[in-house]
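Good morning, and thank you for joining. Please keep the display in view while I speak.

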Amino acid sequence: MNNMPKLIFSFTILSYVIGSISVKVATCFILPNEEDNNCKNIEILTKQVLSTYYLSHKCTVLITMMEMFHEFNTDLGTSFIQIAPQEKCDYGLANKIAEGFKQNCDSYIVQVDDPLCFLKIWHISLQMTFHRHNPIFFFLPDCKNRRNHAMEILSAPESDITVNIIVVELEFNDNNKFKLNHSEDWPVTLWTNDFSKLAGSPERTKIFVDSWHPIKGFRFNNNLFYDKILNLKGRVLRVAAFTYPPYTIVEKNTIDGIEMRIAFLFCRLYNCTIETVYDDGLWGTILGNGSGDGILGMVYKNKADIGFGGIYLWLEPAYYLDYSDTWLYAAATLLVPKPVPLGGWRVPFLPFDLAMWTAVFLSLAISSFCISFASWLINRKRYNVDVYKLLGINDTILMILGMSVLQPPSRQLSDNHVSINQMVTSVAIMCLLLTSCYSAGLSSYLTVPQFTNPIDTFDELSASGLYWLAIHEAWVYSLQQVEDEKVQAVVKHFRKLSEERLLSEAPKGKYGLAVERLPAGHFAEQSHLTDDVISNSHIMKENLFGSLLTTALRKGSPFTYHLNKLMNVLLNSGIMYYWEGAVSRDFLNTRKQMALMEARNARSKTEPTNLQLSHVQGAFIIYGIGVLLASCTIVIELYRSKKYKTSTKIRIHPYTF
């Protein structure tokens, strides 16, 4: 009996040892604790995620070096593209991923050795095609090499491209094997990015989403791809903007503007805070090699989340950026010099246009030739006419010129042949009518001041050759790709100047100045558009170009969808017009706005004026030219007479009245 407790104790110990060995043996042979089985369990998890979240997408890309989904039913209305990397960091994937963009593949399942390298390659692919989307990423662990990448992926700047990113982590035991037992352990953990913090910031961490068990499934059944934009938890929204009223006013103690109010309302709805960023590049440029400046460049380089400042639907930046939905229509035009009074020397030529003057001189030339030819023909045939009374070419030209100013012929018409008399009479009647018309037109031009033609249309601007100035080449972004010759002529005459140069050049009145019409009729103000400049200029009636206004976002930005929803609500409510008026009243110069609106009239005052010397200086110029030519002729004749010792015969015919 004394040995009985010992036997019971020994039996108990033996039973525990045998039970432990049995559990371990069963675990080794039944439960999936080997590496291949670990990968198989990951495949089961992936199938569940696919069935739940990916079937609404048209196409899914599998980036994995393993053969997955051997028994998975793909007849689910979606397609799959599987891409196998050839090496750890295979930049050759960029072209293949870009092809996926063209097929509208916006969901990805990734299991690679170097996930950070994949994210960089994905961003390269994004810039290789005009297609864009906000992706869904599902990163799987490297189960064969027993590596997890959650924190490495979710803290990377590249992960900020989307809110829909899940990283799976496996829990391994001390022997680097998959830890799985029949207790309450959940060996698979799913993490997502903390989108409320900027990528790269010390506060950035991973956020727990759910746990998974190959037998029990998901522990909490949480939505893996929940919309993080709905509550940004105070995230900083980086806005690229500069002071360009009334669109944006970014000053030391004031941040306002039509478009800045959109940003404020967005953050009020989605719980974020505004931080303005700017690099003195104005609207900026994008070079396409990862560099750029200004609003467009900062958004492109991910130094800003969104860019405001009167951005049009420019073609070239659209390849590298996202544009939001548009709101209202604005246009660029020019403030051009007002017409100036015509020079007095032009007054004698104003009553007739070029075609009329051509017709007059051509008629006189033909008349001179016909009369001279008739005289020559009569002289040759000797139709009983006094040869010495016939008209030569010199006499004929002088006679016709005299008749053009109502001077009678220097001979009696009875001395000439009948045909010559008829021609001279017809010329006299023509000259009388033309002179009367000329006199009437000249009197009106002498009474009312005349000005140069205004530049009101695009065609007139192109033909004028006027150089026009602006502070940035963004003013020609909309025109540079147009192949029309007139458009290219206008682009050719564009000059970019700094604000300091514009302040000095604008008052000279030699150039056109770019100005923008806002949707509700206001004008964007710039410091070089002073009162004096506006008073001496007028605004073209036609626009250079126009566009619907938009905002710039990073290509594939997660903010685009919600910003578009807000834009549509604001547009449909009409509040954008109200904001333009409110901001204009607060920040624009009312007197300058009125002056710009009045500057649409290109004409100056044209009341009748007293006749002045400047009005008839053209007549004196013609007289001076005649005296100069006569003097030169006399000098030449005297020189020739003295040099060659010849006498000059001068024949003078008395005028006949």
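Predicted model: local features only at pLDDT ≥ 70, side-chain atom pairs only at ≥ 80, totals over all residues.

Glutamate 169 belongs to strand β5 and lysine 206 to strand β7, and the pair, 37 residues apart, links distant parts of the chain. Are these two residues buried, or partly exposed? Glutamate 169 has a relative accessibility of 16%, and therefore counts as buried. Lysine 206, with a relative accessible area of 23%, is partly exposed; the limit for buried is under 20%.

How many salt bridges does a search of the whole structure find? The search returns 14. Another of them joins the side chains of arginine 204 and aspartate 160, at 3.1 Å from N to O. This pair also ties together distant parts of the chain, 44 residues apart: arginine 204 sits in the loop between β6 (188-193) and β7 (206-213), and aspartate 160 in the loop between α5 (150-154) and β5 (165-170). Both arginine 204 and aspartate 160 are buried. The two residues also take part in a salt-bridge network, which links Asp160, Arg204, Arg235, Arg238 and Asp305.

Lysine 486 and aspartate 459 meet through their side chains in a salt bridge of 3.5 Å, N to O. Lysine 486 is partly exposed at 41% relative accessibility, and aspartate 459 is partly exposed at 43%.

I turn now to the chain as a whole. Its secondary structure consists of 19 helices and 22 strands. The chain has 657 residues, of which 45% count as buried. Taking contacts between residues at least 6 apart in sequence, 73% join residues that are at least 24 apart.

As general background, nonpolar side chains in soluble globular proteins tend to be buried together. In this model, the largest nonpolar core has 91 residues, and the members that touch the most others are Ile262, Phe266, Trp283, Trp314, Leu335, Trp468 and Trp475. What does tryptophan 314 contact beyond its neighbours within four places in sequence? Its partners are Trp283, Leu296, Tyr323, Ala474, Tyr477 and Ser478. Apart from this core lies another, of 27 residues, which includes Ala94, Val110, Cys117 and Trp191.

The loop in question runs between β17 (327-337) and α9 (354-381). Phenylalanine 352 has a relative accessible area of 12%, so it is buried. Not counting residues up to four places away in sequence, phenylalanine 352 touches Trp357, Val360, Leu434 and Tyr438.

Next, a pair of packed helices. Helix α16 (residues 560-573) packs on helix α17 (residues 575-587) at an angle of about 80°, the axes being 5 Å apart. The two helices, α16 and α17, are therefore roughly perpendicular to each other. From α16 the contact draws on Leu570, Leu571 and Ser573, and from α17 on Ile575, Met576 and Trp579. By class, the residues of this contact are five nonpolar, one polar and no charged.

Finally, the backbone. Proline 245 and proline 246 are joined by a cis peptide bond, with omega about 5°. Proline 246 lies in the loop between β9 (235-240) and β10 (249-250).

Lysine 233 is not a glycine, yet has a positive phi of about 55°. Its place is the loop between β8 (217-218) and β9, and with a relative accessible area of 54% lysine 233 is exposed. Aspartate 280, likewise not a glycine, has a positive phi of about 70°. Aspartate 280 is in the loop between β12 (272-277) and β13 (285-286), and at 66% relative accessibility this residue counts as exposed.

That concludes my presentation; thank you for your attention.

Methods
Residues numbered from 1 in each chain as written. Heavy atoms only, no water. Salt bridge = Lys/Arg side-chain N within 4 Å of Asp/Glu carboxyl O. Helix = DSSP H or I, 4+ residues; strand = E, 2+ residues; numbered from the N terminus. Buried < 20%, exposed > 50% of the residue type's maximum accessible area, 1.4 Å probe, protein only. Core = buried A, V, L, I, M, F, W, Y, C linked by side-chain atoms within 4.5 Å. Contact = heavy atoms within 4.5 Å. Axes fitted to C-alpha atoms, helices over the stretch in contact; angles between N-to-C directions. Parallel < 35°, antiparallel > 145°, perpendicular 65-115°, else oblique. Nonpolar A, V, L, I, M, F, W, Y, C, P; charged D, E, K, R; others polar.
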